Amino acid sequence: MKFRQLFLTAALATSAISAYAMLPTAEAEQAQATTQAAPKVDEKINAFLVVRDASGNETLRPLTITDGVSRGDVVEYQGLYTNYDTNRVRKMTVTLGIPEGTELVGSVEPTIVRASIDGSRFVNMPIRTSVNGQAQELPLSYYKALRWTVEDVGIGATAVVKYRVRIN
């Protein structure tokens, strides 16, 4: 149980959000964007254990730091970004790390996402590499972080990004 608590704590810590909101950057609005404060965006990460019943129906059970997870469990992380500003957020970049001891298993939403194998260089997903001169998709187990560009979050609206990992 102690290992499980530490893992979940580490998973939540390494999934810390690296998000920021930017105002429009069109040439006519460039100077205005640099003088205004960043929009007020509340960020929250939720973790859910993906559970299947005997019929194969899937449900999400909320996880807390005191809950345990086991090898092979699938966890869904959901990042929620609520715009509390007086203006809509035109463009926001959200980066979520994939926790140590887990492996990305897909189910990424929105599906247009950039991924990284080192946490600093991001390319369109799926990541492709060349092996013996032939292009191949890199296994998801190499992915370390995901980055989304979220556009047009209205006043009071919430944007959601999510992905699933398997506990190693």
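How exposed is Lys 162, in relative accessibility?

Reply: This is a predicted model, where local features need pLDDT of at least 70, side-chain atom pairs count only at pLDDT 80 or more, and totals for chains, interfaces and linings use all residues. Residues are numbered from 1 along each chain as its sequence is written, and side-chain values use heavy atoms, with hydrogens and water left out.

Lys 162 is partly exposed, because its relative accessibility is 22% (buried is under 20% relative accessible area, exposed over 50%, partly exposed in between; 1.4 Å probe, protein chains only). Its side chain meets that of Glu 109 in a salt bridge, 3.9 Å from N to O (a side-chain nitrogen of Lys or Arg within 4 Å of a carboxyl oxygen of Asp or Glu). This pair links distant parts of the chain: Lys 162 lies in strand S12 and Glu 109 in strand S6 (residues 102–109), 53 residues apart. Strands are DSSP runs (E, at least two residues), numbered from the N terminus. Glu 109 is partly exposed too, at 42%.

Strand S12 (residues 158–167) also holds Arg 164. Arg 164 forms a salt bridge with Glu 76, and their closest N and O atoms are 2.6 Å apart. Glu 76 sits in strand S4 (residues 74–83), 88 residues from Arg 164. Both Glu 76 and Arg 164 are buried.

Arg 52 pairs with Glu 58 in another salt bridge, at 3.0 Å between the closest N and O atoms. Arg 52 is exposed at 56% relative accessibility, while Glu 58 is partly exposed at 33%. A network of salt bridges links Arg 52, Glu 58, Glu 76 and Arg 164. The whole structure has 6 salt bridges.

Methods
Helix = DSSP H or I, 4+ residues; strand = E, 2+ residues; numbered from the N terminus.
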